[in-house]
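Hi,

Here is the structure I said I would pass on. Have a look at it first, and my notes follow below.

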Amino acid sequence: MTSALTSDGRNGYFATPSATRGTWYFVNDNQSVTKVTITDHELTTTIEDGSSSTTVLYNRQSDYQIPQNPSQNLQFKSMDWSEGNAFTHNGIQYFSVRSWLQETALHNYYGVTTEKVNGQDTRVLLLAEGGHVQVQEVGYPTEQLAKDNVDTKFDNLDYQ
């Protein structure tokens, strides 16, 4: 019998970098708040209306080939699965998130760095994407900090 964590191409849980774990707040230009909660192997995104989605992060077996035409059963059961991978870019440790059955889709990258916010060293969560790992948004440890810094751009980060 195959273990649930090693079936359908999975090779156990992916462990998120400990620095990224916790709850982070992002505010877009419309002042809409998104909360991202990262645990040891899950990522949950909650938008202002309270609806949320969770993805469970797994390591992919090195020899696993994503099926060209996955069965409906596999599509259904892997709906909340993503592949996680850790890497370092410009001295920041990130992890990438890619939907389980997508081979070439853009990845989202999450990494933590420390920036000066209101004169104080503050850990922030970077949401980046693309082949050059360009920052899309910056998340803060509190909703108020996120709202107060919605237009802040840090000189040392490569934005998209």
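A definition to start with: buried means under 20% relative accessible area, exposed means over 50%, and partly exposed is in between (1.4 Å probe, protein chains only). This is a predicted model, where local features need pLDDT of at least 70 and side-chain atom pairs count only at pLDDT 80 or more, while totals for chains, interfaces and linings use all residues. Residues are numbered from 1 along each chain as its sequence is written, and side-chain values use heavy atoms, with hydrogens and water left out.

Salt bridges first. I count one when a side-chain nitrogen of Lys or Arg is within 4 Å of a carboxyl oxygen of Asp or Glu, and the structure has five of them. Helices (H or I, at least four residues) and strands (E, at least two) are DSSP runs, numbered from the N terminus.

- Glu143 pairs with Lys147, with the closest N and O atoms 3.3 Å apart. Both sit in helix 2 (residues 143-148), four residues apart, or about one turn of the helix. Glu143 is partly exposed because its relative accessible area is 33%, and Lys147 is partly exposed too, also with 33%.
- Asp121 and Lys116 form another, at 3.0 Å between the closest N and O atoms. Asp121 counts as exposed because its relative accessible area is 55%, and Lys116 is exposed at 53%.
- Glu83 and Arg60 meet through their side chains at 3.0 Å, N to O. This pair links distant parts of the chain, with Glu83 in strand 6 (residues 81-89) and Arg60 in strand 5 (residues 52-60), 23 residues apart.

Now the strands, where two count as paired if DSSP finds at least two bridges between them. Strand 2 (residues 22-27) and strand 3 (residues 33-38) run antiparallel, joined by six bridges; Gly22 has Ile38 as its bridge partner in strand 3. Their hairpin has five residues between the strands, and Gln31 takes a positive phi near 70° there.

Strand 3 also runs antiparallel to strand 4, with five bridges between them, and the hairpin joining these two goes through three residues. Val36 has Thr45 as its bridge partner in strand 4.

Last one: is Thr46 buried or exposed? Thr46, in strand 4 (residues 42-47), is buried because its relative accessible area is 18%. Leaving out residues up to four places away in sequence, Thr46 touches Val33, Thr34, Lys35, Ser51 and Ser52 (contact means heavy atoms within 4.5 Å).

Cheers
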